[in-house]
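Student: Hi! Could you walk me through this structure, starting with charged residues?

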Amino acid sequence: MLHLLGSLRSGDGDMAIEAGSLARCMQRQLSVAIQGLPQWQDAELAGMAQRHGHAAALLEGYHRNGSKVLEILHGGFALVVQDTGKGNLALLACDRSGIVPLFHAASGDGLVFGSRADQVAAHPGVDDALHPQALYDYLYFHIVPGPETVFTGVQRLQPGECLYCEENETRLDRYWVMEYDEQGLEGNPAQWRQQFLDLVRTAVQRRADDGVKVGAFLSGGTDSSTVSGMLSQLGEEPARTYSIGFNAPGYDEMEYARLVARHFNTEHHEYYVTAEDVVAAIPQVARQFDQPFANASAVPSYYCARMAKEDGIERLLAGDGGDELFGGNYRYAKQQMFSWYERVPRSLRRLAVEPVLLRTPLGDLGPARKLSSYIQQAVLPMPERMESYNLLDRLGPRKVLTDSALSRIDTGAPMRLIRETYHSAQTRQMLNRMLAVDMRFTLADSDLPKVTGACSMAGIEVDFPFLDDDLVAFSALLPVREKVRGTRLRHLFKEALRGFLPDEVLTKKKQGFGLPFGLWLVEHPGLRELTHDSLTSLKRRDLVRPEFIDELLGRHHGEHAAYYGTMVWTLLMLEQWLAARERP
């Protein structure tokens with residue numbers, strides 16, 4: 001007999017599959033649970049959700065359509081359905097972008113599910129041992145990439161994935177896959193730009209029209225500025241925007257945020273994060289996340305969300321997703337430039353250029369040195385070339401990890417995971433393959449958990465207009481030259497927003513809420529003490545070589561504070577998470 005054991009967390013607390021708070025209809029032999037901010041494409045079900053809640057709409061939608069209900073369910077959600085009328089069938093699913101996580105595991109008495117990996121792992125019968133490979137993957141990616149988790153017996157559903165369970169048999173399936181079709185849009189670029197603006201405006205409106213008090217993150221970048229601007233046009237009162245600053249050269253974007261706030265006449269709120277704030281937040285962040293998590297922007301995101309919460313905001317809108325949909329990261333243009341080398345005739349490359357510049361001293365002289373460096377990277381295949389700057393790879397796993405740890409892990413697994421994602425993308429275009437990789441590892445595994453986790457700490461909802469399903473579908477049809485043209489990022493995106501956003505925002509260098517941890521670690525005694533104590537404690541775990549930790553701290557103080565600070569932060573947050581898990 002199949003039993004579902006677990007919970008989906010909601011704003012009102014836990015919704016357990018056995019609990020009376022679940023929408024139930026015993027006549028139809030269905031039990032359901034749903035979490036998140038879903039959107040119904042069926043008008044009748046949307047009305048039912050508004051009147052009676054999303055669980056009631058899911059109950060009716062599944063009764064009518066079975067698992068095809070997923071085709072008319074958009075937005076961010078995780079859901080569970082138990083259908084005792086169909087052989088005790090269970091369906092678990094999460095949304096197309098991975099906004100709302102859903103974890104699952106087998107136990108001795110059934111299938112365990114939940115919104116947090118640690119809670120699923122804590123259920124009796126689930127293997128909660130730490131997964132050595134996941135710890136290595138964390139050091140490589142700075143997060144634990146799905147579908148595995150840090151717990152050996154627990155897995156996470158991937159975006160657009162569902163799990164069917166019947167008695168002792170389980171089956172994973174995809175109900176949605178991002179399919180790129182560069183010839184799929186009708187019309188011309190001018191029409192596409194207007195269509196883009198209309199879709200963004202609709203996406204913001206959908207998330208601001210259900211009666212809750214809404215504000216917006218505002219970093220001063222194009223994504224958050226666009227969301228803030230659209231929000232400012234929807235209501236009679238000024239939109240409320242929230243920004244974080246840093247008193248650190250090269251990290252503070254507050255002037256851009258102020259510029260946008262003035263441009264759209266928003267009610268603007270600011271907070272400057274200090275090194276003391278970071279010291280206070282590190283243990284809280286470590287406890288908040290159900291797995292080791294080293295996206296340092298979680299700290300400023302938390303302080304920004306807390307500021308909004310104190311101001312009475314119930315839901316924040318975030319700009320995440322714009323980069324991965326429309327080509328906003330510098331590495332996209334950089335890899336395009338490397339790909340130009342392939343246009344040089346193969347015979348010329350192999351017989352003349354590479355032998356001279358890569359295998360003779362000439363390649364190390366003057367202007368030839370830059371050309372040699374370019375060719376050394378250009379000859380690497382994709383997607384390996386994307387990872388040529390990975391810090392763990394550059395340092396070398398054998399230098400970082402103990403022999404005992406190395407014996408339990410596969411150092412090639414992270415690259416295979418990236419390669420699999422890159423080559424399985426439904427496209428022939430290199431740029432779209434890179435976007436598919438970032439949709440998975442940068443967005444679903446890192447940025448979305450960062451923002452949702454930070455907002456959860458602050459007790460506030462968050463939603464992501466750029467991940468509106470209609471906008472995602474539009475991006476998949478957009479020709480790649482409208483995303484990245486030469487070295488120009490987000491070509492259509494910026495052309496569409498010209499005249500809407502201030503020119504200074506459209507031309508500024510990308511930054512966001514990046515934390516100046518490496519710089520502050522040099523300057524702030526309290527942060528240095530917390531870091532030293534944490535990394536000293538990490539030495540006893542037979543994972544990272546103690547001599548590497550000593551060398552890392554020495555290098556950090558002596559050279560490239562920001563560069564080596566990334567690895568210091570990654571190890572610090574790992575130890576903080578491990579220590580928090582050990583505490584009663």
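Tutor: Happy to. Arg-206, Arg-207, Asp-463, Asp-468 and Asp-470 are joined in a network of salt bridges. A salt bridge here is a side-chain nitrogen of Lys or Arg within 4 Å of a carboxyl oxygen of Asp or Glu.

Student: Before we go on, what kind of model is this?

Tutor: This is a predicted model, where local features need pLDDT of at least 70, side-chain atom pairs count only at pLDDT 80 or more, and totals for chains, interfaces and linings use all residues. Residues are numbered from 1 along each chain as its sequence is written, and side-chain values use heavy atoms, with hydrogens and water left out.

Student: Got it. How many salt bridges are in the whole structure?

Tutor: The search finds 35 salt bridges. One of them pairs Glu-44 with Arg-64, with the closest N and O atoms 2.8 Å apart. Glu-44 sits in helix α1 (residues 43-52) and Arg-64 in helix α2 (residues 54-65), 20 residues apart. Helices (H or I, at least four residues) and strands (E, at least two) are DSSP runs, numbered from the N terminus.

Student: Is Glu-44 buried, exposed or partly exposed?

Tutor: Glu-44 is partly exposed, at 48% relative accessibility, and Arg-64 is partly exposed too, at 37%. Buried means under 20% relative accessible area, exposed over 50%, and partly exposed in between (1.4 Å probe, protein chains only).

Student: Which residue does Glu-267 pair with?

Tutor: Glu-267 meets Arg-240 in a salt bridge, 3.6 Å from N to O. Glu-267 belongs to strand β14 (residues 267-273) and Arg-240 to strand β13 (residues 240-246), 27 residues apart. Arg-240 is buried, with a relative accessible area of 18%, while Glu-267 is partly exposed at 32%.

Student: New topic: how many disulfides are there?

Tutor: Zero, searching the whole structure. A disulfide would be a pair of cysteine sulfur atoms within 2.5 Å. For Cys-162, the nearest cysteine sulfur, that of Cys-94, is 9.1 Å away.

Student: What about domains? Which ones does the chain have?

Tutor: The assignment gives domain 1 (5-174), domain 2 (189-321 + 443-507), domain 3 (332-421) and domain 4 (517-581). Those bounds come from an automatic or database domain assignment. Domain 1 puts nine residues into its contact with domain 3, which puts in 15 residues; contact means heavy atoms within 4.5 Å.

Student: How much area do domain 1 and domain 3 bury between them?

Tutor: About 1,100 Å², with 69% of it on carbon and sulfur atoms. Buried area is the accessible area (1.4 Å probe) that two parts lose on being put together, summed over both. Gln-133, Tyr-136 and Tyr-140 supply 62% of the area domain 1 buries there, more than any other three residues.

Student: How many salt bridges are between domain 1 and domain 3?

Tutor: Zero salt bridges.

Student: Last one! How many residues of helix α6 are buried?

Tutor: Eleven of the eleven residues in α6 (residues 222-232) are buried. Among them are Asp-223, Val-227, Met-230 and Leu-231.
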